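Subject: Structure for you to look at

Hello,

Here is the structure I promised. Please open it first, then read my notes below.

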Amino acid sequence: MTQLFILQLVCCTITAMLALHLAMASLQVRWKQQRYEISRWLLCGAMLLFSIHYFLQMTLGFRGQGADVGAVFNIMFYTPVSFIITLSIINMESTQNIVLRHCLRGAAAYALIAIVFVCGVIQNGSLRIGSLLYVMLALFVASMAYFIYSIRYEIQKRKKKLLEESATDLMPYVRYAQTSLTLLYISAAFLPIVILFNTLLLYVGPLMLLIIVFFVHSFVSLGYYISPNDNILNE
């Protein structure tokens, strides 16, 4: 087995286990809060989509056909996964109207990427879509930058209000919010490298996987602090 296949196998296995961990953690918490549970299942779905992505990479070998083919395939999968993960965070920070607005904008961004992808395939007759690959990447990076900015804005807006008005211990919530933002910054910096370069992927890939594991465990840990009278996640 090649190093790339081994990395894909490890990522597929760990992301599937993270999805199972998120699902099983729902049975272990004493008190459930609707907003948190919605984010939990969004995150679980993202991990399942990650696992499916790596499984298809192993069985169909898109990455092995070349960095350009692998990049196109990665963008088509990483875009919805990134949106779902960021949406799970926004859902913890914002009202339903704001969440719906981000859903619509995320769907519009993915639709644009899909249109460029289809045009590239029709024009070139294969997944090697030439310069349109960089158009797809630019749309992906721009949409991720918007989501990260939105999350940062919502976190800062809520943090001051919660610290002033709540008498409960907010440190678990604050740690989760700060961790989410930090990991998103790191992930956004490394994603273009992961998408475009096979050689660097072997070094950056394990780091990205550790970031995902740390983020999921931070999210699950937050759930154990929620009590029946906890209104931290409510507007």
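A word on residue classes: Ala, Val, Leu, Ile, Met, Phe, Trp, Tyr, Cys and Pro count as nonpolar, Asp, Glu, Lys and Arg as charged, and the others, Gly among them, as polar. This is a predicted model, where local features need pLDDT of at least 70 and side-chain atom pairs count only at pLDDT 80 or more, while totals for chains, interfaces and linings use all residues. Residues are numbered from 1 along each chain as its sequence is written, and side-chain values use heavy atoms, with hydrogens and water left out.

The fold. The chain has 7 helices and 0 strands. Helices (H or I, at least four residues) and strands (E, at least two) are DSSP runs, numbered from the N terminus. The order is α-α-α-α-α-α-α. Of the 235 residues, 49% are buried. Buried means under 20% relative accessible area, exposed over 50%, partly exposed in between (1.4 Å probe, protein chains only).

The cavity. The whole structure holds 1 cavity of 30 Å³ or more. On a 1 Å grid over the protein atoms alone, a cavity is a set of points where a 1.4 Å probe fits but cannot get out; a pocket is an open set with protein on both sides within 12 Å along at least five of seven lines; lining residues have an atom within 4 Å of a point. Points are joined across faces, edges and corners, and a volume is the space filled by probe spheres set on them. The largest cavity has about 420 Å³ of space. Its lining has 30 residues, with Phe 50, Tyr 54, Leu 191, Met 208 and Ile 212 nearest the centre. Helices H1 (3-28), H2 (34-60), H3 (67-93), H6 (171-196) and H7 (198-223) each give two or more residues to this lining. By class, the lining has 20 nonpolar, 9 polar and 1 charged residues.

The second largest pocket. Its volume is about 200 Å³. There are 12 lining residues, and Gln 34, Arg 35, Ile 38, Asn 91 and Gln 96 lie nearest the centre. H2, H3 and helix H4 (96-124) each give two or more. H2 supplies the largest share, 4 residues. The classes here are 5 nonpolar, 6 polar and 1 charged.

Aromatic pairs. Rings of Phe, Tyr and Trp (its six-membered ring) pair if their centres lie within 6.5 Å; planes under 30 degrees apart count as stacked, over 60 as edge-to-face and the rest as tilted. The count is 4 pairs. Tyr 36 and Phe 219 are stacked, because their ring centres lie 4.5 Å apart with planes at 10°. Tyr 36 is in helix H2 and Phe 219 in helix H7, so this pair ties together parts 183 residues apart in sequence. Both Tyr 36 and Phe 219 are buried. What of Phe 50 and Tyr 78: stacked or edge-to-face? With centres 5.9 Å apart and planes at 65°, the pair is edge-to-face. Phe 50 in helix H2 and Tyr 78 in helix H3 are 28 residues apart. Phe 50 is buried at 8% relative accessibility, and Tyr 78 is buried at 5%. Ring pairs join Phe 50, Tyr 54 and Tyr 78 into a cluster.

Helix H1. Among its buried residues are Leu 7, Cys 11, Leu 18 and Leu 22. Leu 4 is also in helix H1 and is buried at 17% relative accessibility. The C-alpha atoms of Leu 4 and Met 58 are separated by 9.0 Å, at 54 residues apart along the chain.

Best wishes
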